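Hi,

Here is the structure I promised to pass on.

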Amino acid sequence: MMSDVEEQQEFTRPGSGNKVKPMDAHLNNAKDNDNEVSNTGIGCCGYILWALSLLMIICTFPFSLCLCIKVVQEYERAVIFRLGRLVSGGAKGPGLFFIIPCMDSYTKVDLRTVSFDVPPQEVLTRDSVTVAVDAVVYYRVKNATMSITNVEDANRSTRLLAATTLRNVLGTKNLSEILSDRENISHLMQTSLDEATDPWGVKVERVEVKDVRLPVQLQRAMAAEAEASREARAKVIAAEGEQKASRSLKEAADIMIQSPAALQLRYLQTLNTISAEKNSTIIFPLPIDMLSVFMKK
């Protein structure tokens with residue numbers, strides 16, 4: 001049997017004595033091709049157009065400055081392409097920069113934070129409940145060059161990816177988690193979006209879940225469940241109050257049994273309370289002992 005070292009064929013790069021593995025050689029060749037493309041000039045025709053453009057600029061000076069000098073704001077950057085190739089040096093700005101007419105084209109990129117609403121998404125949760133959820137996303141362009149060269153429309157792509165990520169994340173959560181754990185869901189969405197949009201030069205700063213809309217029938221069922229739970233707690237509290245009141249009454253009765261005059265004083269206190277409310281009904285308390293004689297007969 002061949003060893004692992006023998007199975008991986010090695011070869012020598014032309015012009016050097018170092019042995020390179022096939023995978024490393026593939027990566028190195030790709031880098032060399034990129035360097036060759038970037039180091040390649042604009043070509044003979046390009047230099048001819050460049051010379052003609054400079055001649056036209058000189059001949060029409062100073063009117064040509066209106067076409068050659070451009071301005072970008074503090075929050076903007078300009079990505080310049082010369083004959084279809086990205087100009088070295090990265091994005092230009094803020095302030096003034098110079099372009100060559102008929103050769104250069106540029107695109108302005110706004111670096112300010114942008115916010116947008118994710119349309120309501122119909123999501124089936126892990127416990128098979130259909131809910132409609134919408135969110136708001138805050139993002140900004142951190143690399144103007146990558147946002148132009150690596151993706152056709154960074155703004156539109158970020159919006160579509162946010163809607164898809166919202167459905168994917170909520171599909172792994174239960175309804176109770178969606179309603180009570182929005183902060184962790186927002187953080188998970190932000191992390192996923194930030195990793196996916198990093199090659200586009202986009203930085204997702206914040207994601208917030210705005211609203212969770214439940215079906216009407218489910219809302220009624222949850223309301224009935226909550227109402228039943230509240231009624232059960234109310235009955236328990238009322239029963240505990242009655243129990244405490246009965247204990248207090250028992251203690252008061254035990255005290256009054258020891259002193260019969262205390263019961264008469266309680267009667268007088270009750271009469272005082274009734275008379276304070278200006279009632280026309282007058283109650284005359286009778287001792288229970290007087291009635292006991294008639295009850296025996």
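Below is what turned up, starting with the ground rules.

This is a predicted model, so local features need pLDDT of at least 70 and side-chain atom pairs count only at pLDDT 80 or more, while totals for chains, interfaces and linings use all residues. Residues are numbered from 1 along each chain as its sequence is written, and side-chain values use heavy atoms, with hydrogens and water left out.

First, a helix pair. The axes (lines fitted to C-alpha atoms over the stretch in contact, with angles from 0 to 180 degrees between N-to-C directions) of helix 6 (residues 154–170) and helix 8 (residues 182–197) come within 10 Å and cross at roughly 135°. Helices here are DSSP runs of H or I with at least four residues, strands are E runs of at least two, and both are numbered from the N terminus. The contact (heavy atoms within 4.5 Å) involves residues including Leu161, Thr165 and Val169 of helix 6 and Leu188, Ser192 and Ala196 of helix 8.

Next, the second largest pocket, with a volume of about 190 Å³. A pocket is an open set of points on a 1 Å grid over the protein atoms alone, where a 1.4 Å probe fits, with protein on both sides within 12 Å along at least five of seven lines; lining residues have an atom within 4 Å of a point. Volume is the space filled by probe spheres set on the points, which are joined across faces, edges and corners. The lining has 14 residues, and the closest to the centre are Val109, Val141, Ser147, Ala154 and Asn155. Strand 7 (104–110) gives the largest share, three residues.

Most residues other than glycine have a negative phi, and most peptide bonds are trans. Leucine 83, in the loop between strand 4 (76–82) and strand 5, has phi near 55°. The bond from glycine 93 to proline 94 is cis, with omega near 0°.
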